[in-house]
Amino acid sequence: MSIETAKLSRLALVAMVVGSMVGAGIFSLPGVFARYTGPAGGLLAWVISGTGMLTLALVFQYLARRRPDLDAGIFAYAKAGFGRYIGFLAALGYWTAACLGNVSYFVVFKATLGAVVPGFGDGDTVAAVLASSLLLWSVHFAILRGIRQAAGMNVAVTIAKVVPILIFIVCVLVALDPDVLMANIREGAAVNGSLLEQVRGTMLVTVFVFLGVEGASVYSRYARRREDVAAATIIGFLLVLALLVAVTLLSYGILPRAELAALRNPSMAGVLREVVGPWGSVMVSVGLMISVGGAYLSWILLAAEVLHAAAKADTMPAILGRQNRHGVPAAALWLSNGVVQVFLIGTLFTDDTFVLIKNMASSMSLMPYLFVAGFGLLTAWRDRHTRARWSRRSGYEIVLGGIACVYAAGMIYAGGLEYFALSTLVYAPGTLLFLRVRREQAGAVFSAREWPVFALVLAGFVYGVWALGAGAIAL
């Protein structure tokens with residue numbers, strides 16, 4: 001399948017964004033938020049995160065229009081703004097986050113089945129890993145038949161998984177008890193310290209459920225029309241934001257906060273069971289499994305596409321740029337699914353697997369997001385000199401880029417040093433791939449401004465190894 005015959009419509013690009021963002025996270029929101037905060041803190045968290053991610057989505061939007069020469073979004077913007085090594089780190093970090101996200105989908109999928117198949121437990125048993133591995137490679141060979149087939153499947157799966165969420169929202173809205181909601185508002189004011197501390201506790205959760213906002217940008221080279229990339233990014237983001245806010249806040253009107261916090265995942269199932277009975281729990285569980293399947297499909301395609309595009313742009317080893325006769329980046333797909341398989345095996349040796357993977361995926365994605373926001377700010381600042389006069393558009397884009405930078409940096413701080421150190425355990429050894437690329441190109445390994453970046457990554461790696469050995473960081 002050639003690139004010319006693989007063009008995606010606006011609907012398909014919107015489905016990529018929605019399908020990438022709506023995964024397992026939304027089904028756990030009622031319980032997760034209730035553990036940290038009440039309705040007021042939940043609303044403030046979504047205002048902060050929604051604003052930050054909206055500015056980031058708008059940065060992707062105007063970069064798609066301003067720099068149509070840059071395909072694959074994440075790594076291309078970072079490389080153009082800050083150099084080869086930063087571009088490589090962005091590609092590596094985003095790709096790793098995608099692989100970790102896929103592992104989390106398998107874990108929660110099997111954990112949901114664990115309610116009726118005891119051998120699956122919390123999704124991290126031997127039986128669960130074996131079943132996940134079988135599904136992993138079944139989908140792998142299906143995707144090798146062609147991206148267009150997989151993209152078309154993604155549209156159908158996205159619709160199928162959004163329907164149960166909409167049913168949940170309608171049922172909960174009809175059954176909402178104002179007295180329960182007001183009681184949760186009053187109680188929430190005294191939960192876990194100050195309101196800002198409550199909000200901080202939810203930050204990595206909100207980042208995790210927003211991952212995928214760049215889905216259309218990553219697939220920009222497959223777009224039928226370039227302007228569809230920008231439109232799909234904003235449309236998909238707003239649709240998902242509305243779903244996230246509704247699921248979180250409406251649940252506070254059904255059960256007391258303490259009962260919400262104690263619900264077993266997927267906590268949406270427990271909320272709907274309270275409203276309509278046992279069938280509600282079954283419907284949410286089925287919806288979650290469809291959602292996880294669709295999100296996995298989107299993310300494995302995104303992961304392979306990032307590696308493939310980075311290889312074509314001389315940022316990853318050339319072998320990852322190879323395509324099969326269907327136009328699928330087969331080498332990148334094999335590497336991505338191979339790493340997912342390794343992570344799946346690793347779940348047998350971790351304690352709170354889903355939380356660890358969720359937080360690691362969020363942390364790994366924040367650095368690439370920061371690079372994109374920084375490039376957006378640089379692009380807007382430089383372009384003001386090429387225009388005849390200062391315009392409102394110039395100021396608007398500079399403000400957007402600035403807010404997106406502050407948001408991404410703030411989320412990295414909120415995540416803490418622990419997850420930054422863990423991310424360098426990927427960045428440092430992953431740099432060996434960068435060394436291979438530079439050898440292929442017969443060029444200097446690092447430029448003068450890239451050496452300090454590598455030194456920072458290496459220092460983080462040394463600290464991370466020490467912290468793991470000393471027990472300061474636990475898996």
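Guide: The turns below discuss a few selected residues.
This is a predicted model, in which local features need pLDDT of at least 70 and side-chain atom pairs count only at pLDDT 80 or more, while totals for chains, interfaces and linings use all residues. Residues are numbered from 1 along each chain as its sequence is written, and side-chain values use heavy atoms, leaving out hydrogens and water.

Visitor: Where does Thr315 lie?
Guide: Thr315 sits in the loop between α15 (278–312) and α16; helices are DSSP runs of H or I with at least four residues, numbered from the N terminus.

Visitor: Is Thr315 buried or exposed?
Guide: Thr315 counts as buried because its relative accessibility is 2%; buried means under 20% relative accessible area, exposed over 50%, and partly exposed in between, with a 1.4 Å probe and protein chains only.

Visitor: Which side chain joins Thr315 in a polar contact?
Guide: The side chain of Lys79 does, at 3.2 Å. A polar contact is a pair of N or O atoms within 3.5 Å; within protein, one must be able to donate a hydrogen and the other to accept it, and residues adjacent in sequence count only if both atoms are side-chain atoms.

Visitor: Changing topic, how many salt bridges are there?
Guide: The count is 1 salt bridge, by the rule of a Lys or Arg side-chain nitrogen within 4 Å of a carboxyl oxygen of Asp or Glu.

Visitor: Which side chains meet in it?
Guide: Arg436 and Glu440 do, at 3.4 Å from N to O. Both lie in helix α19 (residues 417–441), 4 residues apart, about one turn of the helix. Arg436 is partly exposed at 43%, and Glu440 is partly exposed at 41%.

Terms used. Helices (H or I, at least four residues) and strands (E, at least two) are DSSP runs, numbered from the N terminus.
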